[in-house]
Structure formats: structure tokens, C-alpha cells
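I opened this notebook to record what I looked up in one protein model. The entries follow the order in which I turned to each topic.

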Amino acid sequence: MSDDTIRLATIGRIIRRRRRLLTILTLVGALAGYGTSLLLPPRYTTSASVLLPGAWEERELLTQAEIATSSVVVDRAAGTLGWSGVSGSELRDRVNAEAADGNIIKISGTAETPERAQRLSDQVAQQYVTFAARIAGDNADPETAAAPEALRKMVTQTSRRITDLAEAADPGRTVESVQTRTELAKLRTALQVAVSKLEQADPATNKANMVVMGPAARPAGEAPPTRMQLIVGGALLFFLITVIGHLTAARMSRRLRTEPEIAAALGSALLGTVDVPGEPRTRRPKGLGPRARIRRLLGVDTRWDTPPPQTSGDEAGRRIRYRRVCARLRDQLPSPARLLVVVPDGDEIAHRAAGHLVTEAQSDPSPGSASRGYPVLRVVGVSVSQPLIPDRDEESGAVVVLSAGNWTAAELAGIAEACADAGHEVVGTVVAGPVRGRPTPSADDSPDGATAAVPVGVDARGGTA
């Protein structure tokens with residue numbers, strides 16, 4: 001598993017190098033969202049508000065919201081609407097009620113058309129008010145319900161008695177009689193006002209007087225999720241799944257990325273790293289068959305998780321790296337010998353590096369030189385899935401050239417086993433990396449024209465000083 005930190009640059013590299021695949025899958029997600037919208041008919045939602053006068057506790061409001069969506073209320077609304085093929089159980093899934101601030105119950109209805117949604121909300125609100133008033137009347141205590149009537153009778157009798165007392169008093173003959181009649185009239189009026197206020201303050205009466213606050217508004221647009229929301233959501237979902245899939249695959253990748261890991265997997269020493277200038281456009285692997293064509297169409301025939309190539313030095317600096325590899329091979333072998341350069345199939349960078357290495361090895365010092373010459377190299381491609389190395393003939397060993405980040409430890413171990421099975425000892429490993437090449441220097445600056453560009457310790461022909 002790779003422990004590299006996922007950075008925004010990594011996501012940006014996925015978008016750049018997999019833009020064709022991301023575009024196609026995003027369009028597929030949009031089409032999936034559009035197909036889902038065709039399966040789901042459009043929905044319209046509106047709400048009607050019911051005002052509950054008086055003092056209500058929060059738990060009582062929640063109870064009223066449950067009553068508004070109860071089967072009794074919804075079944076009565078369904079019977080009144082009389083929609084064919086729509087039962088009360090189906091309407092219960094389309095009706096919702098919630099308690100709002102100010103003792104208000106908001107009843108929402110959802111239907112296929114704006115007109116039906118408006119009628120559904122209004123009808124459920126009306127049936128709820130009727131049912132709530134009936135509950136309040138049925139649940140009233142008989143003694144409590146009879147108390148106001150008894151009080152009215154008592155007030156009536158008391159008023160008559162007051163009238164009789166007022167008439168029995170000496171009408172207007174004395175000051176005391178006038179005052180008595182006046183006091184009795186005030187007492188009768190105050191008694192009637194008190195009874196009226198008592199009736200208005202009755203909680204049962206107030207709670208039964210629920211009011212529908214006007215008809216529901218006709219909805220102007222569809223209820224979410226709309227068709228556009230489904231299309232955008234499907235496109236975004238497929239885009240995110242693709243990006244996350246790439247990140248997960250890179251996170252779970254077992255390909256070796258460092259030179260010590262590659263050398264350890266092959267069981268050999270690291271001879272060095274070499275640079276391979278990148279071409280203006282990376283050549284894509286050629287393949288036949290419909291699968292290869294589909295991979296080229298989707299743009300997945302090239303790696304995306306390789307870091308961008310760094311800018312290299314000039315041609316002289318790159319040749320120095322190849323000379324050092326050849327010098328290490330020469331110093332490691334007891335006498336001039338022939339070696340196989342084993343390159344995995346499909347590793348374009350390694351194939352180009354092997355070609356440069358063979359070219360550099362052919363620049364052998366002159367026969368009259370006191371130093372031993374470079375070994376003779378021959379490039380051999382090997383299939384990673386079924387590695388097969390030519391039997392040992394004139395060659396006395398093998399050098400494995402490959403690029404980092406392309407092969408697992410098991411695949412490299414298979415190449416090493418194939419070399420051992422053919423009688424070749426892996427004398428070293430060369431890791432090639434792509435770089436951005438600079439413009440070719442002029443003849444005066446070339447390594448053949450100026451030996452000053454060659455560092456101390458390596459002569460112009462590749463031999464040690």
C-alpha cells in the first residue's frame with residue numbers, strides 16, 4: 001500500500017490525465033439522473049396553516065400534528081376528494097404536518113399537479129379542524145360541560161331576584177331607595193359581565209375554535225428532487241466515484257517506487273539512475289483488438305499516477321550518468337564480458353534507456369588503452385507475466401533496466417528467477433526516469449567538443465582518469 005499523502009496536486013493530475021474518462025463518466029451519470037427523473041413523476045408540494053387559539057404546550061402541539069396526519073383525518077379527506085385509484089393509505093404518504101411557532105400547525109400535501117396539491121392540503125386541514133372540534137366536544141367532562149349552563153341559570157335567577165328587590169324598594173320616594181336600585185342594577189350588570197368573561201376564558205371552548213388561515217397557495221415549481229437536480233446529482237456522483245476510485249487504486253498500489261526497493265526485489269546492487277528525455281507527446285502503447293481501442297478512447301492506456309518529469313541537465317550531463325553505469329559494470333566484472341540488458345515489455349522509458357546504455361557501451365576505449373573496455377550489451381525484452389530469458393551462451397550475466405512505479409515486488413522477483421533459471425546472474429539494476437529535455441546544445445558545447453564539461457574522475461571516452 002502506498003503511504004503517499006493525497007494532495008490537491010494529485011487530484012489535479014487525475015483531472016488532467018483522465019479528463020476524457022471523467023467527461024464520459026460524468027455524462028453517463030447525467031444520463032442516469034435523467035433516466036431516474038423519468039421513472040419518478042414530478043411532485044408539487046404546498047401547505048395550509050391551522051391556528052390553534054389559546055395556550056398550548058409543546059407536547060400538545062406535537063400531538064395535534066400527529067392527529068392531523070392520522071388515518072381518520074386522511075381517510076375522510078380521501079373520501080371527500082374522491083380521486084380514482086388513490087386510497088387513504090396512499091395519501092398518508094403524501095401528507096405531512098409539523099408544529100410551527102405561534103401555535104400553528106402546517107399541513108403539507110404533495111401531488112402530481114399543483115391543483116391537486118392545493119386541494120389535498122386544504123381538504124386535510126379542513127378535516128383536521130372538524131375532527132379536532134369533535135374530539136374536544138366528545139372528551140369534555142359532563143359535569144364540567146354542565147357547569148356553565150347551571151351558572152347561566154343561576155345568573156338568570158339572581159338577576160330576576162335583583163329586579164324583584166329593586167321593584168319592592170320604594171321607587172324614587174327616598175334617596176335611600178334610589179341608591180338601592182342603582183346598586184342592584186350595577187350588581188346585575190357586573191354579574192353578567194363576569195359570566196361572559198368566564199365563558200370566553202374556558203380552555204375547552206378556545207381549543208375547539210381552531211381556524212384555517214386561508215387556502216393553501218398553489219405551488220409554482222416542482223418539489224425536490226427536480227429533474228435538473230437529479231441530472232446534476234448523477235453527474236456529480238459519477239465524477240466523485242471516479243476520482244475516489246483512482247485515489248483508492250493509487251493508495252492500494254503495490255508498485256515499487258524507490259530505487260532501494262527495486263534493487264532489493266531483484267536481489268542485486270543498484271548501479272545507478274539514468275535520465276530519459278521525454279518526447280513532445282508521450283507515445284501510447286500500441287495494441288490491437290477492441291479492448292485496446294476502448295482504452296485509447298477512454299484515455300486510460302497511459303499511467304496517471306506518475307509524477308510530472310523534472311527538467312534535466314544538458315546532453316552531456318545525461319551521458320555522464322550512462323558512462324558511470326558502464327564504468328561500474330566494467331569495474332565489477334573481472335574481464336571484458338558480454339551482458340544481457342533485460343527490459344520488461346511495455347516499459348517504454350526503460351527500453352529507451354537501454355538503447356542509450358548500449359550506445360554508450362559501444363563507445364569503448366581504444367584497444368591500446370590500458371583500462372579494460374566496457375562490456376558488450378545486448379537488449380532483451382521479457383514479459384512480466386511469463387518471464388523467459390534466453391539461455392546462457394556468450395553472456396555472463398544480466399543487467400535489469402526498468403522505470404520506477406510500474407512493477408510490483410512479485411513481478412520483479414519473477415524476472416530475477418527467470419534470469420537465474422537461464423543461468424544468468426543479475427549483476428546490477430539500472431532505474432530509468434523520464435525528464436524534460438533541454439534544447440540540444442551547439443557543437444561548441446557538446447561533450448565531444450569540450451572535455452571541460454566532463455567531471456573529474458571520468459574521461460571523455462568513459463574511462464576512469
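The entries below go from the whole chain to single residues.

**Entry 1: the whole protein**

I noted at the outset that this is a predicted model. I then looked up the secondary structure and found 15 helices and 10 strands. The protein has 465 residues, and buried residues make up 36% of them. Among contacts between residues at least 6 apart in sequence, 82% join residues at least 24 apart.

**Entry 2: the nonpolar cores**

Which residues of the largest nonpolar core touch the most other members? I listed Val50, Leu52, Leu91, Ile107, Tyr128 and Met210, out of the 29 residues in this core. Two or more core residues come from each of strand E1 (44-51), helix H3 (58-68), helix H4 (71-81), strand E2 (95-100), strand E3 (104-111) and helix H6 (114-138). H6 gives the largest share, which is 7 residues.

I then followed Ile107 in particular. Leaving aside residues up to four places away in sequence, Ile107 touches a list of residues that includes Thr46, Ala48, Val50, Ala68, Val95, Ala97, Val124 and Tyr128. Val50 and Tyr128 also stand, with Ile107, among the core residues that touch the most other members.

I looked up Ala30 next and found it in helix H2 (residues 19-39). Is Ala30 buried or exposed? Ala30 counts as buried because its relative accessibility is 18%, and the limit for buried is under 20%. Ala30 and Leu230 are 200 residues apart along the chain, yet 7.8 Å separates their C-alpha atoms. Beyond its sequence neighbours up to four places away, Ala30 touches Ile231, Gly234 and Ala235.

**Entry 3: a nonpolar patch on the surface**

I turned to the surface and noted a nonpolar patch formed by Leu51, Val211 and Met213. Together these residues have about 240 Å² of accessible area. Met213 lies in the loop between strand E4 (211-212) and helix H10 (227-251). I recorded Met213 as partly exposed, because its relative accessibility is 45% and that class runs between 20% and 50%.

**Entry 4: two backbone details**

Where is the cis peptide bond that I noted? The bond runs from Pro224 to Pro225, with omega near 0°. Pro225 is in the loop between E4 and H10, and Met213 lies in the loop between these elements as well.

I also checked Asn103, whose phi is near 55°. This is a positive value in a residue other than glycine. Asn103 sits in the loop between E2 and E3. Although Asn103 is in a loop, it is buried, with a relative accessible area of 17%.

**Entry 5: cysteines**

How many disulfides does the structure hold? I found 0. A disulfide is a covalent bond between the sulfur atoms of two cysteines. I looked up two cysteines, Cys326 and Cys419. Cys326 counts as buried because its relative accessibility is 1%. Cys419 also counts as buried, at 0% relative accessibility.

Methods: Residues are numbered from 1 along each chain as its sequence is written. This is a predicted model: local features need pLDDT of at least 70, side-chain atom pairs count only at pLDDT 80 or more; totals for chains, interfaces and linings use all residues. Side-chain values use heavy atoms; hydrogens and water are left out. A disulfide is a pair of cysteine sulfur atoms within 2.5 Å. Buried means under 20% relative accessible area, exposed over 50%, partly exposed in between (1.4 Å probe, protein chains only). Patches are made of residues with over 30% relative accessible area and no salt bridge: like charges are joined within 9 Å, nonpolar side chains (Val, Leu, Ile, Met, Phe, Trp, Tyr) within 5 Å. Accessible areas come from the Shrake-Rupley method with a 1.4 Å probe; for residues, only the protein chains shown count as cover. A salt bridge is a side-chain nitrogen of Lys or Arg within 4 Å of a carboxyl oxygen of Asp or Glu. Helices (H or I, at least four residues) and strands (E, at least two) are DSSP runs, numbered from the N terminus. Contact means heavy atoms within 4.5 Å. A nonpolar core is a set of buried Ala, Val, Leu, Ile, Met, Phe, Trp, Tyr and Cys residues joined through side-chain atoms within 4.5 Å.
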